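Take a look at the structure below, then read on.

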Amino acid sequence: MAISGRDMDITLGMEEELFLVDPESRQLVADPDPAILETCQANAGQHKMVRELLRSQIETNTRVCASIAEMRDAMRETRQIVIDAARSHGLAAMAASTHPTAVWKQQKFSPGDRYERFAATYQDCVRRFVISGMHIHAGFGDQDLRIKVMTAIRRYLPLLLALSTSSPFYGGHLTGFSSYRLLLVGGLPRTGMPGPLASMKEFDDLVSLYRRMSFVQDSSEIWWDIRPSHSFPTIELRICDVCTRLEDAVCVTALYAALVRFLARRIQSGFTPEEPLTEIIAEDRWVASRYGVFSHFGRAHSATGRVDVEDLVEELIEELDEDIEALACRAEIDHARKIIREGTSADRQLDLYRLRLLEGDSVELAEEKVVDLLLSDTSNQD
């Protein structure tokens, strides 16, 4: 399938994990009424709603979308389904990768053999997983093209993370990270930045080796920052935090799609992008987790050896011009400038928290105000 012309030959899908919160106590609901998920499933239409690791979470899966505009509508629909179902039971939905004050020991796993096996195998690594993720699927081309694009896009993953950060708190503690979720994910094996792969056969051979050694049952247990999907003919972006504001999530999706198209065009034309060292990309990944949009990433060929997020975004917008035009997503990608200017969800949480402390609030009250902000931003779908 050619990726060219004004028609979008890239299909998109979004998975988001949303928390269920008691708006009075501001705490996660460890064991919510199963009717909430049942209501979501009954109203899902072309979308899909499923359990997640914790009972206090619901995972949304959008229908397959053929444009960024469709993706926005689909995300608005899936979020609203959860918001309405939660509200009908006196609860609220939260789009963020950590809840500011949730205590992991108070959470309960969802029923199912898979979750029980994970808990038995990974112990506290998975028990402390009071985190939510945002996974973006891009379907295009054949298997080998998807693998080559997956390898080429690795250098941009720290930027996509930086624009999405929403997990500066964990367990009532200010972590010092914009995305603390990424550190928790790193406690599991087969996570982080994948090495370069040149073909689907290389990936399949690796999965076969893992299976022969009884490390995995299938490729769904490879949890890299980006991976070939086990269930769909897509490349699944997994590095991002859940964006609290809908438009931030749409921006990240649009930038991912434009990068996919840009790299696929170059690879199909016979140009193989120079591969940065995986170690340097991994360093940028840590920097993005720590500093978010205030990051300075490594750049081997620059005089200073570094580039900040704002300059990198401006360079990308210029470089991706043809792809942005073809995908009709200029406004969505221009929104990245607003994210840098106003901050991600993590920045807004930190700003409010520090302001409330300056105004004389206790730590506990300041954290409650942060929860209120997250619930308000999630429910505002405009």
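Where is the place of methionine 213? Methionine 213 sits in the loop between α8 (200-212) and β9 (223-224); helices (H or I, at least four residues) and strands (E, at least two) are DSSP runs, numbered from the N terminus.

Before going further, note that this is a predicted model, in which local features need pLDDT of at least 70, side-chain atom pairs count only at pLDDT 80 or more, and totals for chains, interfaces and linings use all residues. Residues are numbered from 1 along each chain as its sequence is written, and side-chain values use heavy atoms, with hydrogens and water left out.

**The open spaces**

Rolling a probe the size of a water molecule over the atoms shows where empty space is left. On a 1 Å grid over the protein atoms alone, a pocket is an open set of points with protein on both sides within 12 Å along at least five of seven lines, a cavity is a set where a 1.4 Å probe fits but cannot get out, and lining residues have an atom within 4 Å of a point. A volume is the space filled by probe spheres set on the points, which are joined across faces, edges and corners.

| Space | Volume |
|---|---|
| Largest pocket | about 1200 Å³ |
| Second largest pocket | about 730 Å³ |
| Largest cavity | about 30 Å³ |

In the largest pocket, 49 residues form the lining, and the closest to its centre are Glu15, Glu59, His135, Arg227 and Arg238. The largest share of this lining, six residues, comes from β1. The lining of the largest pocket divides into 17 nonpolar, 19 polar and 13 charged residues. Here Ala, Val, Leu, Ile, Met, Phe, Trp, Tyr, Cys and Pro count as nonpolar, Asp, Glu, Lys and Arg as charged, and the others, Gly among them, as polar.

What about the second largest pocket? α11 gives the most to its lining, with four residues, and the lining as a whole holds 15 nonpolar, two polar and eight charged residues.

Leu159, Leu255, Val313, Leu316, Ile317, Ile333 and Ala336 line the largest cavity. These residues divide into seven nonpolar, no polar and no charged. Three of the lining residues of the largest cavity come from α11, which gives the largest share.
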